[in-house]
Amino acid sequence: MRAERAHPAPGCETSAEELLSAARFGIPEPTASYVHRPRLLESLARWGSLPLVLVSGPAGSGKTSMVADWVRRRRSRTAATGWIAFEDGDAFWANVLECLRRLGLEVPAGPGGAAPDAVLGREQLLALVTLIADQPRRWTVVLDGYELTSIEVAREVDYLLRHTFGHLCLVFVSRVDPVLPLYRYRLEESLGEVRAADLEFTDPEAADLLSHLGVSLGDEAVHELNERVRGWAAGLRFAARALAGRENPESALAAVVAQAGDINEYLVGEVLEAQPPEVRRFLLDTCVPDLLYPGLLEKLAGPGAVHNLEAVARSNAFIEPVPDQPGCYRYYPFFRELLRAQLAYESPEKMADLHRRAAGWFEREGLTERSIGHLATIGAWDAVATQMVNGQMVGRVVLEAGRGPIGTLARQMPPDLEGAAAAVVRAAGALSRNDRAECADELRAARRAPAAHGLHEAQRRRSIAVLDAVRGSLAEGAEDATALCEEAGRALGVSARSRSGPEEDLYALAQLSEGIATLRSGDLTRARKALTTAAGLEPAGRFASFRADCLGYLAVVDALGGYLSRAGRTAVESLTAASEAGHRSAAAHVALAFVALEHYELNTAREHVSSAVSCSSLSTDPIASTLLGGVAAGLDRANGHLQQAIDRLEAAATAAGPADPWLADRLSLEVARLNAASGKAELALDELAAVQERQSQSPEASVVAAAAHAELGRQAIADDLLALTREGRPALPVQVSSLLVEVVQEVRRSAPVRARAVLERSLGLAASEGLRRPFFEAGPAVQRLLSDPRLVLEHPWLSHHKPPPPRPGSGYRGKVMRAAAEEGPDLVETLTPKELEVLGHLEELLTTEEIAVKMFVSVNTVRTHVRSILRKLGVTRRNAAVRKARELGLFAA
Amino acid sequence: MTDRKYEVRVTGPVPTQDLLDELGDVEVTEHEVRTVISGRFPDQAALYGFLHRLRAFGLEVVEVRRVAGVEEPAGGEDER
């Protein structure tokens with residue numbers, strides 16, 4: 001759907017857009033010369049309960065008038081009927097949804113794609129089916145002039161019609177049959193068809209039409225004429241124009257009918273030639289725009305054009321007022337095409353001049369999109385580029401992500417067009433294809449190019465600054481990215497947030513970029529603020545791929561901050577938006593993998609890791625790729641492959657290092673944590689020293705340091721560090737880890753009651769987010785306490801492979817929940833953390849003795865664990881247990 | 001309504017039986033490098049709709065012709 005229509009701005013724009021929308025969704029009024037055609041209306045009425053009706057026929061055969069008459073006559077009945085007048089390039093679903101909404105159906109937000117063949121997506125399709133099938137009413141939508149040529153959209157339409165059980169009827173009025181499996185509908189007798197042969201005027205209908213147009217002929221003459229024009233309504237109209245006012249129409253007709261060749265072509269010539277010169281000029285002058293607005297009319301045809309127009313409308317059968325919009329007219333489409341062809345033939349220069357004038361008027365009215373459409377028609381690409389920059393449309397090019405009208409225009413621009421504006425537009429086009437290198441080149445050219453006539457310097461600077469921020473937010477180092485975003489913020493100015501329309505597009509893009517850049521430098525508070533702002537702006541509602549990006553990174557921010565359930569919800573929303581837009585978001589999958597790992601749902605985590613890996617955006621997304629390294633290492637660790645995990649973390653940290661020191665530090669911290677947990681405290685402290693230089697106050701680092709010092713027996717230092725981690729409000733995982741270190745401390749001090757109390761506090765904290773990982777990975781001291789059956793009873797969420805306690809009304813549905821639930825049922829009894837640990841060692845083919853040594857327990861204890869593993873998995877041998885565990889996804893990637 | 005018979009030539013074979021079923025009531029004859037699909041269509045809108053379907057299924061149309069035996073000579077693709 002066109003931008004301005006969805007989002008009216010103040011001033012003239014609103015009224016012009018209201019006109020457009022009335023023209024689109026209004027049911028066309030009958031013209032004075034309309035001929036009532038009962039035979040066709042009866043057919044349509046008979047098919048009242050069918051899901052699909054086709055009215056197929058050539059231009060000018062009277063399809064629209066006839067169907068409009070049918071709709072107006074049945075309007076008062078029980079069924080709700082909507083109308084959509086499609087123009088070339090209009091999106092199918094966006095308009096259908098808007099039409100249903102206007103009929104009072106509470107349809108969810110439209111799809112992201114504004115391309116004519118953008119698909120609805122599975123989830124939205126199902127939602128729509130349910131919505132319509134549940135209604136007691138019947139909905140009919142007339143699709144006037146849409147050519148359904150995409151098999152994907154056709155499959156969705158087919159699905160919708162088949163599953164709404166007659167509650168929905170679509171009437172396709174077009175020149176070409178839709179690519180639906182029509183023969184199936186015919187076999188099932190669920191298709192009504194009015195075809196070209198039916199639409200041909202019968203002789204009595206032709207006589208009616210001619211007399212409405214002031215021409216009265218005898219039956220014989222009507223028959224002769226109708227035969228010649230083959231029942232074509234437009235042909236009859238042209239003939240009427242040629243004959244009107246003749247003293248003896250019958251003899252004039254004889255000359256017409258005697259014409260050799262294509263009588264219709266001849267009649268068109270006749271009609272134009274027969275007009276007085278000033279009317280003829282008026283017709284050609286005004287055929288360029290699709291709709292003639294009062295102000296535009298004068299612009300094209302000079303002052304006083306309104307009187308001309310009214311005169312023509314009264315006497316001419318080829319122009320009609322737009323329903324409900326006084327002063328607004330449009331030509332019959334086929335006649336408009338003829339006029340345009342004639343104009344292009346007679347005077348291409350004049351046609352270019354008229355397009356230019358129309359463009360100028362639309363630009364002043366703030367309808368940039370229409371304006372550049374006219375300019376593109378005549379190949380005035382310099383002007384198109386200049387206006388795109390002046391009108392701040394470059395943001396739209398990026399947001400449309402290659403699936404909308406503005407981006408399509410940008411793509412059609414000749415690649416060698418010179419000048420600053422063209423370079424800016426090409427830079428935006430490169431971004432919409434995710435080609436950041438080309439974007440950088442074009443931006444460089446755009447900065448260098450001299451000032452150009454008509455190009456607003458301020459807008460050039462703004463567009464360049466915002467595009468560079470979008471590009472740099474992922475392509476430059478974190479520090480430079482932040483600088484570019486600040487530059488964009490300055491260029492936009494403080495007032496930007498109160499703007500609307502194209503300006504809001506730029507502001508939204510700048511906010512997303514700022515969110516990404518600040519996330520990369522570890523300022524999660526600022527990142528959340530910017531991303532929340534971006535996701536709440538109007539462009540996020542309209543462009544699903546943009547919404548998917550905002551929510552994907554927001555989910556990452558929440559996951560890193562320990563808000564696991566919120567991160568999960570946001571990520572699922574992001575994936576829904578992404579699937580609407582036919583777009584893949586690595587960030588959302590990484591957030592889900594991260595959340596699943598913290599929940600210790602390893603199978604789910606692995607699934608999201610592989611989904612993220614298959615996203616093409618991963619390689620150009622330092623956030624997703626770095627965090628993915630961390631999650632993959634976490635899975636290695638959970639699987640018992642400690643060294644592999646450390647290697648992976650170090651490799652990922654090195655790769656991220658120069659551009660993303662903060663993200664790299666997170667990975668190095670994890671290395672330190674793993675070392676501390678596996679008894680290599682010295683190594684851990686070395687690792688920490690490097691990190692702490694940059695993050696002296698980070699509570700994450702302090703927890704790891706505390707664990708390492710505790711391990712080395714430096715109780716006092718450990719206690720001091722733990723105290724540090726409680727300052728402020730650290731993230732939940734930090735709090736929980738800090739408490740677990742404290743548990744170990746208390747155990748060492750032989751204070752079992754206090755240790756248990758602290759453990760219970762940590763469990764209480766972790767329960768709210770279902771944070772299981774710290775407990776599963778805790779050392780033997782904590783594990784021993786956890787094996788207390790009373791604790792297990794109080795915290796069932798910890799030992800079951802199920803999500804944490806139900807959160808009523810949280811809306812936490814979708815992939816995470818489903819995947820988590822799927823993991824459970826096959827297991828009769830869930831394995832305890834200890835048993836999982838033993839199982840991990842079994843997979844490594846360790847012997848009972850080796851396992852005992854590794855786990856600091858007796859050989860007999862290991863045997864007991866193995867026995868219960870075999871029992872729980874329902875197998876009799878160790879390698880069978882490993883195989884079964886693999887099938888159940890108990891091991892990580 | 002008098003249906004007219006058309007022959008549509010496409011490159012290569014028509015891939016699968018499923019696709020044949022999707023095309024509806026038409027005859028398919030495979031030749032070496034071309035497949036000829038012939039069917040009856042009531043008017044131009046139906047013919048163009050059918051061609052759109054072929055394109056949507058990834059079949060490249062190389063030739064369309066009206067089969068003789070009907071009242072007018074071929075060349076009825078005057079619309080649009």
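1. **Ground rules.** This is a predicted model, where local features need pLDDT of at least 70 and side-chain atom pairs count only at pLDDT 80 or more, while totals for chains, interfaces and linings use all residues. Residues are numbered from 1 along each chain as its sequence is written, and chains are lettered from A and ligands numbered from 1 in the order in which they are written.

2. **The two chains.** Chain A carries 51 helices and seven strands; helices here are DSSP runs of H or I with at least four residues, strands are runs of E with at least two, and both are numbered from the N terminus. Of its 893 residues, 53% count as buried. A residue is buried with 20 or more other C-beta atoms within 10 Å of its own, exposed with 12 or fewer, and partly exposed in between, the C-beta atoms being placed from the backbone. Chain B has 80 residues, of which 24% are buried. Two helices and four strands make up its elements, and from the N terminus they run β-α-β-β-α-β. Two residues are in contact if their C-beta atoms, placed from the backbone, lie within 7 Å.

3. A:Arg230 sits in the loop between helix 11 (219-228) and helix 12 (233-243) of chain A, and its phi is positive, near 55°. A:Tyr600 is another one to look at, with a positive phi of about 60° although it is not a glycine. A:Tyr600 is in the loop between helix 33 (586-599) and helix 34 (602-613) of chain A. A:Tyr600 is buried, because 23 other C-beta atoms lie within 10 Å.

4. **Helix 16 of chain A.** Which residues of this helix (residues 294-301) are buried? They are A:Leu296, A:Leu297, A:Leu300 and A:Ala301. These cover an arc of only 105° around the axis, so they are on the same side of helix 16 of chain A; the arc is that of the directions from the helix axis to the C-beta atoms. As a reminder, an α-helix has 3.6 residues a turn, so residues three or four places apart point the same way. After helix 16 of chain A comes A:Gly302, with a positive phi near 85°.

5. **Helices 28 and 29 of chain A.** The axes of helix 28 (residues 502-520) and helix 29 (residues 524-536) of chain A come within 8 Å and cross at roughly 155°. Axes are lines fitted to C-alpha atoms, for helices over the stretch in contact, and angles run from 0 to 180 degrees between N-to-C directions. The two helices are therefore roughly antiparallel (angles under 35 degrees count as roughly parallel, over 145 as roughly antiparallel, 65 to 115 as roughly perpendicular and the rest as oblique). By class, their contact has eight nonpolar, four polar and two charged residues. Ala, Val, Leu, Ile, Met, Phe, Trp, Tyr, Cys and Pro count as nonpolar, Asp, Glu, Lys and Arg as charged, and the others, Gly among them, as polar.

6. **Helices 28 and 31 of chain A.** Helix 28 of chain A also packs against helix 31 (residues 544-560) of chain A, at an angle of about 25° with the axes 11 Å apart. That makes the pair roughly parallel. In this contact, A:Ala508, A:Leu512, A:Gly515, A:Ile516 and A:Leu519 of helix 28 meet A:Phe546, A:Asp549, A:Cys550, A:Tyr553, A:Val556 and A:Val557 of helix 31. The residues divide into nine nonpolar, one polar and one charged.

7. **A buried glutamate.** A:Glu156 belongs to helix 7 (residues 151-163) of chain A. A:Glu156 is buried, because 21 other C-beta atoms lie within 10 Å. Setting aside neighbours within four places in sequence, A:Glu156 is in contact with A:Val119, A:Leu120 and A:Leu125.

8. **The interface.** How many residues of chain A are in contact with chain B? There are 16, and they touch 17 residues of chain B. On the chain A side, the classes are nine nonpolar, four polar and three charged residues.
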